[in-house]
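Trainee: I have this entry open and have not seen it before. Please take me through it.

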Amino acid sequence: MSDLKHILRLISDMESMKKDTIRHVCEKWLKGLPIELPIDNIEPIILMKNKIRSKLKQALRILDLENWDGFFAITGVAGSGKTQFTIWLLNKISKLNNFICLYFDASKQDVDDVDIELSKLPLKEMPRIGIFIDNVDIFVLKTGYLDELLHFFNNLLDLKKKYSKYSISIFFVITLNQSTWVRFSHYNFAGKKISSHFKSLSSINLSIHDLSALKRDLITKLLGAYYFCSESEESKNKISKHASLIIRFLRTVYDDILRVEENLKRIIMKMAECLKVFTENLDPSTLQLSRKNLLEKGTKMLREYIKRKFSFQYVKELNDYYNLQTNMNIKTTKDLDKNQIITFSIECICDSSSLEFDIPVLFFSDIKNLEKSSLNDHNQDSDHIFIVLCEKERVKHLTDAFMKKDGISVCIPLPRWFRYLYNLRLDGIDFFLNDLILINNSLNLALYSMILLLCSQIPFKERIGDALKMMILRKTAGALLLVKTFDYIDYKLFLALVEKAIISDLAIMGIRIPYEYKSDLINSIISILESEGFLRKIGDNYLFYRGKMSSESILKVAKKISYELAFRIKFIL
């Protein structure tokens with residue numbers, strides 16, 4: 001069955017549902033929130049419905065075998081749908097005879113709240129009560145230790161004893177991340193392991209294979225739901241006429257998101273947002289870029305985007321963060337090889353001091369031009385920034401070329417969805433260039449270097465620590481993202497890239513690191529990567545564990561590295 005026929009059939013199935021219900025589901029998807037409605041009410045548009053129904057039946061069977069009494073756990077990786085599964089299980093049980101179920105959020109409520117709600121019930125008339133407590137990880141996230149979680153469990157035991165006199169069955173279901181459960185379940189409590197007190201009710205885990213297999217189902221259901229509940233006839237007409245184009249685009253976006261994200265909740269949020277923005281900004285009068293002119297046209301698109309981006313976002317950041325009054329003029333010229341140059345002429349006013357300087361940014365749409373005289377002419381001039389748009393298969397070649405020069409440089413690997421941007425109006429182009437992580441991160445690395453140029457000349461050195469942390473954070477996060485995206489980048493190349501990027505920007509800021517201290521900084525990076533599970537030592541070598549790398553964990557690790565290195569550099573100085 002073709003994708004379009006599949007969508008039409010799905011829309012036909014949705015006619016049994018109320019439009020407000022579908023709209024409610026779409027709004028929840030966009031916000032990354034669970035759907036409170038019972039699973040039977042929204043069956044045509046739920047994802048992995050057969051797998052979910054099977055897990056619900058299994059959970060009900062386990063509870064029944066345990067006579068609906070005791071402590072149970074629903075576990076899974078972050079964003080896998082634990083809360084959604086818990087709500088649907090609660091709804092199922094609530095429909096059974098002589099059952100009442102209560103839901104609590106541990107991030108907002110404690111055991112005392114559970115006690116208060118239980119005391120309000122006519123307990124003698126309620127033979128079976130289910131207490132569902134979500135987000136139990138909050139007790140570990142506060143301190144990093146299990147003490148509060150164990151205290152919470154002890155309070156639940158006391159609560160169960162308190163109400164045992166009513167001769168009722170009370171079962172407690174908690175939800176928590178898989179990693180927390182592994183630590184928690186092996187802990188000894190009252191002479192026994194926690195796992196002997198708790199039964200695993202369900203494990204909600206999705207592998208990369210599961211997420212890949214979900215692509216078609218997610219895209220068609222998102223598109224069908226968006227069409228069905230859209231109030232805009234224009235959007236409906238676009239989907240009717242250009243469904244194949246929209247689906248092809250969403251497939252390429254999904255593949256790129258999956259390179260850096262394994263959190264299903266965030267994947268659904270991002271895909272729903274991408275569908276909405278792409279459809280609203282689709283301009284059917286434009287044509288797709290051919291492979292032949294993609295780099296040339298794409299480079300022009302990026303160049304204009306950077307003008308807009310820097311003019312607003314980064315000037316605002318300079319004004320707000322550094323308390324400066326910043327004025328900027330932008331002019332476009334060409335070098336001797338006819339490569340486009342954007343020059344940002346910046347004037348900064350701080351108290352009575354005034355500072356003026358230019359930052360030229362060179363763009364290359366042809367790798368051959370990069371290797372010619374322009375690169376050699378400018379490679380000693382750290383005031384230049386080089387931006388190259390290229391096919392993904394040439395990234396390694398460009399990385400090697402950049403390693404040989406001292407300027408600030410960034411290579412932007414061309415994602416497959418890039419060619420579809422020419423089908424969009426300007427607002428849509430800006431959204432995808434700014435928001436999708438592979439492009440956004442690369443541009444931020446280049447553009448933020450401009451701010452570092454400014455930091456080196458601002459006449460207040462007391463802010464050097466903040467500038468160091470911000471610079472190291474951006475550079476490290478960017479390098480880790482490349483590791484996640486490109487398998488060929490091993491830990492040696494990663495360290496070389498980070499060292500080169502950081503040392504280069506330190507030089508711009510007027511800081512020179514003695515050679516004997518460089519290995520100490522590198523060892524600090526390795527140590528943090530090991531402790532966070534990003535690196536594993538195999539013999540005398542290190543291997544990246546890319547499965548640990550999500551957007552959240554990359555940012556967390558980059559922050560740790562930035563604080564550690566900034567402290568050491570200040571100490572060295």
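**A sheet, its helices and a few single residues**

Mentor: The protein chain has 23 helices and 14 strands, where helices (H or I, at least four residues) and strands (E, at least two) are DSSP runs numbered from the N terminus. The model is predicted, so local features need pLDDT of at least 70 and side-chain atom pairs count only at pLDDT 80 or more, while totals for chains, interfaces and linings use all residues. Residues are numbered from 1 along each chain as its sequence is written, and side-chain values use heavy atoms, with hydrogens and water left out.

Trainee: What percentage of the residues of the protein chain count as buried?

Mentor: Buried means under 20% relative accessible area, exposed over 50%, and partly exposed in between, with a 1.4 Å probe and protein chains only. The protein chain has 573 residues, and the share that counts as buried is 54%.

Trainee: In what order do the 5 strands of the open sheet stand?

Mentor: Two strands pair if DSSP finds at least two bridges between them. S2 and S3 run parallel and are joined by 7 bridges, and S3 pairs with strand S4 (residues 169-177) in the parallel sense over 6 bridges. Strand S1 (residues 70-76) is joined to S4 by 7 bridges, also parallel. With parallel pairing, the 5 strands form an open sheet in the order S2-S3-S4-S1-S7.

Trainee: Which are the edge strands?

Mentor: An edge strand here pairs on one side only. In the order S2-S3-S4-S1-S7, the edge strands are S2 and strand S7 (198-204).

Trainee: Which residue is the bridge partner of Ala73 in S4?

Mentor: S1 and S4 run parallel and share 7 bridges. Across them, the partner of Ala73 in S4 is Ile174.

Trainee: Which strands does helix H3 touch where it packs on the sheet?

Mentor: Contact means heavy atoms within 4.5 Å. Axes are lines fitted to C-alpha atoms, for helices over the stretch in contact, and angles run from 0 to 180 degrees between N-to-C directions. The direction of H3 (residues 49-65) makes about 175° with that of S7. The strands that H3 touches are S1, S4 and S7.

Trainee: What angle does the direction of H5 make with that of S2?

Mentor: H5 also packs on the sheet, touching S2 and S3. The angle between the directions of H5 and S2 is about 155°.

Trainee: Why do the buried residues of H5 line one face of the helix?

Mentor: In helix H5 (residues 111-119), the buried residues are Val111, Val114, Asp115 and Leu118. Seen down the axis of H5, they line one face because they fall within an arc of 100°, the arc being that of the directions from the helix axis to the C-beta atoms. An α-helix has 3.6 residues a turn, so residues three or four places apart point the same way. What covers the buried residues of H5 includes strand S2 (99-105), strand S3 (128-134) and helix H7 (147-163).

Trainee: Which residue caps the N-terminal end of H5?

Mentor: A side-chain oxygen of the capping residue lies 3.0 Å from the backbone nitrogen of Asp112. The cap is Asp110.

Trainee: How many of the 7 residues of S3 are buried?

Mentor: S3 has S2 joined to it by 7 bridges, and Leu102 stands opposite Ile131 in S3. S3 is largely enclosed by the rest of the structure, because the buried count among its 7 residues is 6.

Trainee: Is Asn67 buried or partly exposed?

Mentor: Asn67 lies in the loop between H3 and S1. Its phi is near 60°, a positive value in a residue other than glycine. At a relative accessible area of 46%, Asn67 is partly exposed.

Trainee: Which residues is Gln84 in contact with, leaving aside its neighbours within four places in sequence?

Mentor: Gln84 is found in helix H4 (residues 82-94). At 13% relative accessibility, Gln84 counts as buried. The contacts of Gln84, leaving aside neighbours within four places in sequence, are Pro34 and Ile35.

Trainee: How far apart in space are Ile429 and Val277?

Mentor: Ile429 is in helix H18 (residues 426-435) and is buried, with a relative accessible area of 11%. Ile429 and Val277 are 152 residues apart in sequence. In space, C-alpha to C-alpha, they are apart by 9.4 Å.

Definitions and conventions
Polar contact = N/O pair within 3.5 Å; in protein donor to acceptor, adjacent residues only side chain to side chain.
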